[in-house]
Amino acid sequence: MNGTADLFARSAEDSYATFESVKAWKKATGRPVLGYFPVYFPSEIAHAMGFLPVSLLGASGRVGLDMATAHTQSFVCSISRSVFQLSLQGNLDVMDVLLFSNICDVARNLSGITKRNLGDRRIEYLHYPINNTSAHAVPYLREEYRRLADILAGVTHHPLEPEALRRSMELYNRKRALQEQLTAFRRARPGLLPYTEYYNVLRAGGMLPVEEYLPALESYLAELPSREGKPKDGVKVMVLGNFCEQPPVMLMKSIEDAGCFILHDEALVGERWLGLADLTAADPLESLARGYVQNLEPMTVRFHPSVNKQKALLDRARTQGVEGVVFATPKFCEPALYDYMIGKPALEKANLPYLHIEYEESASSFEHARTMVETFTESILFD
Ligand code: SF4
């Protein structure tokens, strides 16, 4: 257990700024690397074409933001600035392609400003459909994926092969299924798997080659049930809003230390939310596009006209038996704040307590947040 837990912890740490394991992989294989900005990216396509897809989740205080700050407004979120800083100071030089998408206006503009400042690099932009009820959404996204594959073929000089894509989809289906098992274990026995360890396991999944990650995760999961520990008391909560910029792990630890069991949160949700892609479909590219467009998972960051977000929030809270909701929103993140404004009245009506905390990825003091959460949990326990 220690070996795999250490591997995940090392890999998660490497993913903040150094990317040493990515450099080693590239040197050993001679193959290209694609770095992608959250929230969602179809890693299967890059993998099938020989790339190592690497999730860019921000530096969380590991680098200063002086260069990025000189180029950006003071009211943009920290993850956009730290990823930009990493690219400006050379930490992302190992990546042959940097990819952004239309999660929000900041991510959209980050693509442009990065391109302007790193003109010699392939900076690409994937535009996901907005109206997912339109009959054109699936064919449109399939064509976006085809365009992406053509761009990647410009690096590898090999076209995307449907059978290679199918094999990659199988691997990534397996990865999502195992990560779901991990989450289910934590939900059932939260006292045996601290959030910080759980987070490292997930974060390593956006960094390690999937062929290395899968056996490590299988062996880790096989040993988890033999863990021993005394049952702890805790208020069961959901944490929402942490889908793009990652909260400092110490903030999440503070929430746990203040008496909460985090049964659900949105960290790295883009890696997991597609579910299982249909491997039997005649056109695997279309299958991936269909998986994105037709997914009705109430992922808070995304709007789908068929999903009533307020009802979805309450349904999830009831299904998981949570006693409160913590909205942890990154500073200056409009999508997270919109979701907070939508969720808040629904929770008030349902008489379900909630708390709002704002964070920056580089924050290093959590006393205030811990006091807020302690007051919140006490108000639930002694209500
Ligand atoms: S943290 Fe929020 S504002 Fe910043 S890039 Fe992500 S979604 Fe956009």
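Student: What span is expected of a helix, and how does α10 compare with that expectation?

Tutor: The expected span of a helix is 1.5 Å times one less than its number of residues. In this predicted model, helix α10 covers residues 210–223, which makes 14 residues. Its first and last C-alpha atoms are 20 Å apart, close to the 20 Å expected.

Student: What makes one side of α10 its buried side?

Tutor: The buried residues of α10 are Tyr213, Ala216 and Leu217. Viewed along the helix axis, they fall within an arc of 100°, so they line one face of α10. An α-helix has 3.6 residues a turn, so residues three or four places apart point the same way.

Student: Which exposed residues does the face of α10 turned away from its buried side carry?

Tutor: That face carries Glu211, Pro215, Ser219 and Ala222.

Student: Why are the buried residues of α7 said to be on the same side?

Tutor: The residues in question are Leu141, Glu144, Tyr145, Leu148 and Leu152. Their arc around the axis is only 95°, which puts them on the same side of α7. The exposed residues Asp150 and Gly154 are carried by the face turned away from the buried side of α7.

Student: Against which elements do the buried residues of α7 pack, and what follows the helix?

Tutor: The packing partners are α3 (43–48), β3 (97–101), β4 (122–126) and α13 (284–293). After α7 comes His157, with a positive phi near 65°.

Student: Why is Leu110 called buried?

Tutor: The cut-off for a buried residue is 20 or more other C-beta atoms within 10 Å. Leu110 has 27 such neighbours inside 10 Å, and therefore counts as buried. Leu110 lies in helix α6. Beyond residues up to four places away in sequence, Leu110 touches Phe37, Ser80, Phe84 and Phe100.

Student: Why is Ser254 called buried, and where is it found?

Tutor: Ser254 has 23 other C-beta atoms within 10 Å, and is therefore buried. Ser254 belongs to helix α11, residues 249–257. With neighbours within four places in sequence set aside, its contacts are Phe366, Ala369, Arg370 and Val373. Ser254 and His368 are 114 residues apart in sequence, yet their C-alpha atoms are 9.9 Å apart in space.

Student: Ser60 and Asn351 both lie in loops. Is each of them buried or exposed, and why?

Tutor: Ser60 is buried because it has 23 other C-beta atoms within 10 Å. Asn351 is exposed because it has 6 other C-beta atoms within 10 Å. Ser60 is in the loop between β2 (52–55) and α4 (66–71), whereas Asn351 is in the loop between α15 and β8 (354–359).

Student: Which peptide bond is cis, and what is its omega?

Tutor: The bond joining Pro38 and Val39 is cis, with omega about 20°. Val39 is placed in the loop between β1 (33–36) and α3.

Student: Which residues come nearest to the ligand, and which element gives the most to the shell around it?

Tutor: Of the 14 residues around the ligand, Cys77, Cys104, Cys244, Glu245 and Cys333 come nearest. Two or more residues of the shell come from each of α5 (78–88), α6 (105–117) and α15 (334–349). Helix α15 gives the most, with three residues. By class, the shell has 11 nonpolar, one polar and two charged residues.

Student: How do you know that both domain 1 and domain 2 take part in the shell around the ligand?

Tutor: The shell draws at least three residues from each of domain 1 (18–158) and domain 2 (233–266 + 301–383). Taken over C-alpha atoms, the centres of domain 1 and domain 2 are 28 Å apart. In the contact between them, 16 residues of domain 1 meet 19 residues of domain 2. The side of domain 1 that touches domain 2 has nine nonpolar, seven polar and no charged residues.

Conventions:
Residues are numbered from 1 along each chain as its sequence is written. This is a predicted model: local features need pLDDT of at least 70, side-chain atom pairs count only at pLDDT 80 or more; totals for chains, interfaces and linings use all residues. A residue is buried if 20 or more other C-beta atoms lie within 10 Å of its own, exposed if 12 or fewer, and partly exposed in between; C-beta atoms are placed from the backbone. Helices (H or I, at least four residues) and strands (E, at least two) are DSSP runs, numbered from the N terminus. The arc is that of the directions from the helix axis to the C-beta atoms. Two residues are in contact if their C-beta atoms, placed from the backbone, lie within 7 Å. A residue is near a molecule or strand if its C-beta atom, placed from the backbone, lies within 6 Å of it. Ala, Val, Leu, Ile, Met, Phe, Trp, Tyr, Cys and Pro count as nonpolar, Asp, Glu, Lys and Arg as charged, and the others, Gly among them, as polar. Domain bounds come from an automatic or database domain assignment.
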